[in-house]
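Dear colleague,

Please find the structure below, followed by some notes on what turned up in it.

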Amino acid sequence: MSGLTTLAFLAVTAAGVSSSEMSDCSYLSLLTHLNLIQTNSPLSMMRPVKNWTTTTVVSLDMVLFGILEVDEMSQTVTTHVQTQMSWRNEFLNWNSSNFCGIKTLTVPRNMLWVPDVSIQEDASDTGSIQNSPLVTLTNDGLVSASGRQRLTTTCQFKLYLFPFDTQCCNITFGSMNYDAESMILRTINSEVALSSVSEQIMITQGEWELLNMTIIYYSFELKNVSENRLIYTVIIMRKPMLYVINLIVPLFYFVILDLASFFIRGEKLSFKVTVLLSISVLLLILQDMLPSTEAKLPLMASFCAWVFALVGLSILETMLIDFLLGLDGCCGNNAENAINNQEVEIQLEGNSHKEPSAAEERGQLGPVMKPSEVELLMLILEEVKVARIETGRHIKDDRKPGRYTRLVKIIDSVYFVLYFLNVVGYLLYLNMEWLGSYVSNKKE
Ligand SMILES: *[C@@H]1O[C@H](CO)[C@@H](O)[C@H](O)[C@H]1NC(C)=O
């Protein structure tokens, strides 16, 4: 009996020993094997190479999740990106068959050396970076760390073609401390794969469309130290439809209204001033969108200024015409007034002769009028006559062209023709600049 139990005990211990030697299925033994149980400060401090001349190759992939905001005023682009870095740690590798087939292991990020890669154009808050607290180890010593970030990068905008513009923004990755001999940056996937992944994943693009993403490896010498950079160039294109509808079409519409107002007979001035006011509202909107630091003035701004100037000039022209017509009116008036006054007197005299007879006729039928009532009636009659003559004179003024009226007609038609040619010319120019570039960008 006792012999049996000792045999069984021996068998169990033998099985235990053999299993711990053959394969251990806990992470603990692997961590013990890698000497990662306690904080192993050399592992987190030094670049993980056995010979210091070995260069660490860090592969870095960036995927664009979204274009959140493009701020023309501060010249920044806010994107949502995910980065994944991987590099080889020469001290951490194991044979997976010794550890029950464990091939990957996650350890806290701060236990291992992690490359100090930063983005040169980064202008975001530190709170916007969210690095994974863990890094993944594989049995051949490959370490990978990932993080996502709400990334605000500075980017020099070229706004000449606004709102038909494409922007080309660099996101430059580089090590803060290591030179090109210690650490170089490469990518895991090709740029084609990365841009297609970004295009598929992209959730929010706002008014922008991702056209292309290219990768440049860039090395340069700085104070006899060679530096290495990995540059992602993101090319984005604005979707211009909203600006076309809200800005460009109304502006053209105002120009056309202003052109059409040449055919208004009568009061033009208040109409034109209203158009000018409406344009200044649009100018205010535009001012909120574009920075004033631009060396090459955006086409849109010069377009607005052009419309404003055109309408302003046409107001001036209307004023000039009004003034000239006024001159014509006052010069003709003196002579006409004299004639009219004579007419009034003659007519009144004639009427005064007739009036009593009419009263007499009526008097036979109705009650006889008192002399004071007749006088009152006469006064009213006089007023009415004067008023009628006044209006008649106005009509005569319009019909009868004076010296200045001819001049006014010439000025008006010459100005209209020039205005019209200017509008057509500028339209063609804008069409060439804007649509030409837009179509060529679309094709790319
Ligand atoms: C991006 O970087 C490349 C390489 O340094 C440079 O030629 C290009 O001008 C940069 N583009 C922008 C928009 O800064």
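Arg238 is buried, with a relative accessible area of 1%, where buried means under 20%, exposed over 50% and partly exposed in between, for a 1.4 Å probe and protein chains only. The model is predicted, so local features need pLDDT of at least 70 and side-chain atom pairs count only at pLDDT 80 or more, while totals for chains, interfaces and linings use all residues. Residues are numbered from 1 along each chain as its sequence is written, and side-chain values use heavy atoms, with hydrogens and water left out.

Arg238 forms a salt bridge (a side-chain nitrogen of Lys or Arg within 4 Å of a carboxyl oxygen of Asp or Glu) with Asp165, the closest N and O atoms being 2.7 Å apart. Asp165 lies in the loop between β7 (142-154) and β8 and Arg238 in strand β11, so the pair ties together parts that are 73 residues apart in sequence; strands here are DSSP runs of E, at least two residues, and helices runs of H or I, at least four, numbered from the N terminus.

Glu207 also forms a salt bridge with Arg238, with the closest N and O atoms 3.1 Å apart, and Glu207 is partly exposed, at a relative accessible area of 31%.

As for the sheet, four strands form an open one in the order β4-β8-β11-β10, with antiparallel pairing, two strands being paired if DSSP finds at least two bridges between them. Between β10 and β11 (residues 225-238) there are 14 bridges, and Leu210 stands opposite Ile236 in β11.

Best regards
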